[in-house]
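The tour goes from a sheet to the cores, then to a loop.

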Amino acid sequence: MFLGVSIIADRFMASIEVITSQERQITIKKPNGEKITTTVRIWNETVSNLTLMALGSSAPEILLGVVEVCGHNFDAGELGPNTIVGSAAFNMFVIIGLCVSVIPDGEIRRVKHLRVFFVTAAWSVFAYTWLYLILAVSSPGIVEIWEGLLTLFFFPICVGFAYVADRRLLFYKYVYKRYRAGKQKGMIIETEGEPDPPTKVDVEMDGKMHNSHGDEFVVREAGFEEKEMDEEEAYREKARILKELKQKYPEKETEQLMELANYQVLAQQQKSRAFYRCQATRILTGAGNILKKHAADQAKRANNYGICSEVSANDFSAKVFFDPGAYQCLENCGSVALNVVRRGGDLTSTVSVDYRTEDGTANAGSDYQFTEGRVVFQPGETEKEIHINIIDDDIFEEDEHFLVHLSNVKVISDGIDANGRDVNHVDTLAGLGLPCTATVTIFDDDHAGIFTFEEPVVTVSESIGVMEVKVVRTAGARGVVVVPYKTMEGTAKGGGEDFEDTHGVLEFDNDEVFKTICVNIIDDEVYEKNKNFFLELGDPQLLEMTEKKEEPLTKKEEEERRIAELGRPMLGEHVKMEVIIEESYEFKSTVDKLIKKTNLALVIGTNSWREQFMEAITVSSGNDDDDEDESAEEKLPSCFHYVMHFLTVFWKLLFAFVPPTDYWNGWACFVVSISVIGMLTAVIGDLASHFGCTVGLKDSVTAVVFVALGTSVPDTFASKVAAIQDQYADASIGNVTGSNAVNVFLGIGLAWSIAAIYHQSKGDKFRVDPGTLAFSVTLFTIFAFICIAVLIYRRRPEIGGELGGPRIPKILTSCLFFSLWLMYIVFSSLEAYCHVKGF
């Protein structure tokens, strides 16, 4: 039965993870008027931990108390309340003691949200102190309506106090966080102190603007910067992982790299208690490690993606086109060769194509020789050349161009000549590809030239490494010309921060029409807005022939010098080019996709009944060691996994009928699961009473020892995994105190309120024997004080944190906590059998 409760509780916790992971977008207006759209979670982390998460982990104990009261004619029972106290003792002493000991030697785990931890720890002690007060002090042996309702009402008050501590509201706002840069690069140190005056910012939500007047939504500048810092750190980490995998596996496709990165990010990111609870339950029942199953499924999907056929229907027809589609030549080159290629189709056939020149700004007869003809590709031939003669003159003129067109592609069958007279045998599986028109530009060589950038603005990716910028020489290419250049800062900074400062001189030889400037772009792996800098050309200078060599000039060189001096070099239209550095689009898109896929709710949730039934009948390995294998391939199941699977397969199949978590954003699964848990706990309560009667144990002893142990086993495994894998102690011990308080406020407050109201309506009093329960509560409260004091002491520098630390203190702490639990069990049992005097 406990296995059945664990499995349905797993479905319950999965629905809670889906519900609490819901997000929405808000638009934040910064003081400078700039709007930034960001995604925030609807549920506050602290509120979700104390409400839905605590309810999910403690649902059996809470519902057991309610079901027991309602099923026993609204009379008090011993099983429900003692199970709640016994479970609290197990959580506080055994689970925390285990978490302290499982941390590797030399490592520590600290509570991150310390204010919230103090609040929940105080409320957990107060909850059991209050329980003692209403049992033995306020109205001994009688629970009145106001006591039950006040106990229940303490639940929202506890949540409110924790929320105030988490959000730094009320008196917390007078103690501000400030940040300063550490000595090490990239380190931010949090300090306490007076802040700068708070800056109000407008936030746009659901199409409405909220500001500091009326409907307020004020975001303090420090908090906003902290959120921006966290988001940037998350982006940086995901980008780093993806780049490392690219370097490690250069042969893998992007989709495969994304799946590897997806597993690593999911394994490293901070997880909720719901995730760890689901992980522990599925490993325990033979359903496998959640993350490794997810990685294996995604890897199969990526492999299927990689072997998809890339053959298209067009591969069956021959395409003829120019490659490349643009050509440049000097006026004195004599002729230019154009490359025509044939791709696809049957290479054993013969293909012909016609070509013809057409005037642009260049005229046939004066600038080039008109040409037309036919190119024939024999079987096996894939490339041909067309030669066109260029006419030279000594007249200064602008650069000119003409066009060459392809047309009339034919597949020539056997017996058909190259002129294609027999058109009845022409195969139609051939056509023109792109480009089918080539542009030939003729550079004038009678002028020293005009020097310019090709474009006034160019955008480059931050990940390009080395940017190449072309400086072109138009309207002439005679003589040797030098052109100075330099970089200038804009919003992008030089000196190796965003780009490396570059300057120098380009030397264009005679008849040389372009040169390339190389600038190193720095990729700092930080998502940032586009930045710009500038490249500027200086005045070009014509090198005299005498500067190049001191020997007497020949008649040809003297003529070249005379003609060159007639056309001095000059700058063109684009002498200053703006370079915009933007985050790599492909890389940014890949990281953005990765961020969307690293949602743990997608990993532990289900989207169809088919998926749930497939998971129910599948046995998987539960290996949860923290290995460094990025591929995270699943290992074969062991004998233990098969045994646990067959022990639980009935429950798995039964609870596969629960609605998938995708329905109604998880609420359908939530409602059905908690209803089923209630029915199972009713059965467990009866079985526990019969078991105790059979072996001669009182209900209070059965509850404290066996029922509390059975309901807490999944939480034990969940906390152990969380302690090892999480970098903080919140998920392993931080939620224990909150759950203990919630158990009293909901499990006892709700049950006793219902019973007190019922008996009041009958004119009677709701009576509860304070003896065993009051003694158990008192004992637990004393031991809880000791436990919390030890945890606080362990934060001192000698140890460093609540969990882990040096070997000797770690062993001593674990032994102390286990001893407290054993003492609690022994003294509670002795009191139940009157060997120790109670209340």
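Start with the open sheet of four strands, ordered β23-β20-β18-β26, where the pairing is mixed. Its edge strands are β23 (514-520) and β26 (570-571), and each pairs on one side only. Strands here are DSSP runs (E, at least two residues), helices likewise (H or I, at least four), numbered from the N terminus. Two strands pair if DSSP finds at least two bridges between them.

This is a predicted model: local features need pLDDT of at least 70, side-chain atom pairs count only at pLDDT 80 or more, and totals for chains, interfaces and linings use all residues. Residues are numbered from 1 along each chain as its sequence is written, and side-chain values use heavy atoms, leaving out hydrogens and water.

Select 466-474 next. This is β20, antiparallel to β23 over seven bridges. Pick K470: its bridge partner in β23 is T516.

Now the largest nonpolar core, with 104 residues; Y128, W752 and F780 touch the most other members. Helix α18 (residues 730-761) gives the largest share, 13 residues. A nonpolar core is a set of buried Ala, Val, Leu, Ile, Met, Phe, Trp, Tyr and Cys residues joined through side-chain atoms within 4.5 Å. Buried means under 20% relative accessible area, exposed over 50%, partly exposed in between (1.4 Å probe, protein chains only). A second, separate core has 27 residues, including V340 and Y368.

Finish at D323, in the loop between β9 (318-322) and β10 (326-330). D323 is partly exposed, at 38% relative accessible area. Beyond neighbours within four places in sequence, D323 contacts (heavy atoms within 4.5 Å) N339 and V341.
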